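Let's take a walk through this structure together, one piece at a time.

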Amino acid sequence: MAIVKKELPLARSMCWHCQSDIGGEYFCQQCVKVQPLSKDIDYFTALGLPRKLNIDTGMLETKFYEMSRAFHPDFYEGKSDMERAVSLANSATLNQAYSTLKNPIERVEYLLRLEAGSAKEIPGKAPTELFETLLEIQEQLEELQTLKGQKGTGSEEIVGRLRAERGTLEAKRGALERRLAELFQLWDRLADRSSSDQGQKTEKEQVLKQMRDILSQRNYLNTMLANIAEALE
Amino acid sequence: MARIVGIDLGTTNSLIAYMDGKVPTIIADADGHRLVPSIVAYTPKGLQVGDTAKEQLTRHPERTVYSVKRFMGKGLSDVQDELQYFPYRLTEQAGVIQIHIGNKALTPPEISAMILKELKSRAERFFGEEIRKAVITVPAYFNDSQRQATKDAGKIAGLDVMRIVNEPTAAALAYGLQKRKQGLIAVYDLGGGTFDISILKLKGGIFEVLATNGNTHLGGDDFDRRLMEVMLEEIKTTHGTHIKKHPELAQEVRVRAEQAKCRLSSEKEVSVEVPLPEDGGTYRRVFSREAFEAMVTDLIEKTLSPTRKALVDAGLSAADVDEVVLVGGSTRMPLIRQRVEALFGKPPHCELNPDEVVALGAAVQASILAGGIQDMLLLDVTPLTLGIETMGGVMSSLVRRNTTIPTSAKEMFTTFVDGQTSVDIHILQGERELVKDNRSLARFQLKIPPLPAGVPRIEVTFMIDANGILSVTARDVRTGEAQSIDVKPSYGLSDQEVERMIHESYIFAQQDIKERQRIEAVNEAQSILRATDKALARVAETQDLTTSEEQEAIRQSAAELRQSLTGHDHRKIRQAIEALNRASSPLAERLMNHSLQDALKDKKLSQMP
């Protein structure tokens, strides 16, 4: 699927330089000047992709490189101030779009922001079935801290237990990520369906909610794993 | 487009390069020297830069500045630990280090500008034209203040800095151009004062930096110091000579230590001799490579942890990397080559000259900017996370490390109190949780129209440009109007200070010429005045040779010339000399004819140009 047309949502419908109608093309047909991208452009659109969660990263990279060759400031060094400003802003948008979509977790977080208005940082939530383990870990971390402060002995046993519990948390995180991958598939199938009835809308909302929940638990586990890693260092 | 040169402004040595057709080439001086030692000496004979300044290291240690790059964009507290190694006095003023030489206090950007000027004039002699535009390299792990300081140095030197490029990336550009490589490469760059590791993907002419990491305070200088410490300690215990009493000894030992280190890369052992001051005899010592390696092995270990972090950030394992490229003079050490090979599981490439490859890459980037090379594009990253201070002294991140640049982040601000007219924003760079553990870049004061609390909505945009340098703009969302922002850099020169320094460096250059012209004119004036006095004394005895009007005119001209000497304008002095000459030459001629030649000897001499 090659995208040949140099079309993107732009900030204006007329060229800033020669005032001719640019018809959505990011290089003016008349004077070939680069045009500013719309401030509200979403990252999927910026990279010519549908709002789906499984992305061919090879194709994403090709598209990113192709557009970098269009917008990067290196190619505007001798140009007017306006062209350089447009190049800088467009490049910045493109780079953010690429780095967000390249990583599957950031991609889904971004989709949640677009579709469900989630906060930039989804707050962590402890997975309920791990409550007991998590409480134990908290206690052990505190104990280890005290032992370190007193330069006392007996930390080996706690370290051993923490290592084992770290394994449990990592396994849980793995399971969450596998579930997330399934939801990606589900989301993409829903996105492919052309109908826009109420049932599909509810179904989509369900999927978004589940994804958000998983990310929330995953964030919690990540924080906890980082704390353990720090304590074990 | 005007010519753009590429400059590697190094801790130990600096170079300048250009594109000779399709080949990046180092510009050498008339004697064929390619490296300019990054040393600036303010000797009684005047300013010296490079090789001649290097000779002053042991002669005038307190007037010879080296390794100034370690101080770029830093405050005094950042370099407290190493102050003992530097023979010149350092202070701090408004977040900028001041280096005291004689009665002068100079900032690191001003000293760096001297080195840049030396490179600039080298290129100007080579091309026979003025050079105004340059690409300058910096360590990839340089923060915003350090990059800004480098840009300031360029401005002070009269250069338009078209781009700040990261050193390992520049090396990759030169390497990639030469080898036409594709795939994943790691650039391990250990220079005189800094360490960088960058992981790049090379594909179809695009050089995409995936991750970078490093340590801006680790390099060859630290290896020298390990040898130095051993030598100084031994000199103290066996010869009773203490460096505190002999600052020149510290430099002598440093220079010998550096030489010994370099030789130990090719030799199994070296003997070092240091003549001691006050007839203290000679200190002799043999160092084996093995012993030296044992002294520095922990320093080499310190490069491996950033290397592993960069791999993690790039989402790669060491085995994924296709090629490892070594850059920087320190990578000549066999132990470093072994450690790098062990980490990546493949022998590193060392066929490129590690001292020159960065400057060559800067020339390649310069050519890309000038539109010469059109099929290559470098996509670099910001090395450190950018954030702002939030409640409780915590840093909230805006742009994460290893984000491709240019990039921007937006943040909405509002007020908490009715009629509040400003919001303070503290900008930070670093990877730590707490504000105090990160680098403070600047404080901004955002002006807000007085409205009920929470009503103003000010959108602040943080833009990191392709140089990795931050700029901040603000906009009132309701009115769409731009909001004013007061920037106070935490470590660095304000725009006004840079302007003043550019002006001063220009003025100083002008003043140097003017001063020389003034001194020449004064000398000539004094000589003609002496001759005139003598002539007037003689005519007093032989009344018939001159009229009183003529004598009065000569005296008047002589007085005017004396008056002009109190000023600084050499042209006024010259004019007064001319006037006196005109007034006195008829009399001089008559005196000549009167065979009063002895009175005229001085005068005639003085009239010679």
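Which residue takes a positive phi in the hairpin of β14(B) and β15(B)? That's Gly204(B), with a phi near 50 degrees, in a hairpin that has two residues between the strands.

Before going on, a word on what you're looking at: this is a predicted model, where local features need pLDDT of at least 70 and side-chain atom pairs count only at pLDDT 80 or more, while totals for chains, interfaces and linings use all residues. Residues are numbered from 1 along each chain as its sequence is written, and chains are lettered from A, with ligands numbered from 1, in the order in which they are written.

Back to the strands (DSSP runs of E, at least two residues, numbered from the N terminus). With β13 (residues 183–190) it pairs in the antiparallel sense over eight bridges; two strands count as paired if DSSP finds at least two bridges between them. A hairpin of four residues joins β13(B) to β14(B), and Tyr188(B) stands opposite Ile197(B). With β15 (residues 206–215), β14(B) is again antiparallel, over nine bridges, and here Asp196(B) stands opposite Gly214(B). Buried means 20 or more other C-beta atoms, placed from the backbone, within 10 Å of the residue's own.

Now jump to α13(B), residues 570–593. Helices are DSSP runs of H or I, at least four residues long. This one has 24 residues and reaches 33 Å from its first C-alpha to its last, close to the 34 Å expected at 1.5 Å a residue (1.5 Å times one less than the number of residues). There's a kink of about 45 degrees at Ser584(B), shortly before Pro586(B); the bend is the angle between axes fitted to the seven residues ending there and the seven starting there. Ser584(B) is also buried, and so are others in α13(B), including Ile577(B), Leu580(B) and Leu587(B).

Stepping back, chain B has 14 helices and 30 strands, and 44% of its 609 residues count as buried. Its C-alpha atoms fill a box of roughly 105 × 75 × 55 Å along the principal axes.

Finally, 17 residues of chain B are in contact with 15 residues of chain A, contact meaning C-beta atoms, placed from the backbone, within 7 Å. Elements giving two or more residues to that side of chain B include α10 (357–369) and β24 (407–413).

Note on methods. Buried ≥ 20, exposed ≤ 12 C-beta atoms within 10 Å, placed from the backbone. Contact = placed C-beta atoms within 7 Å.
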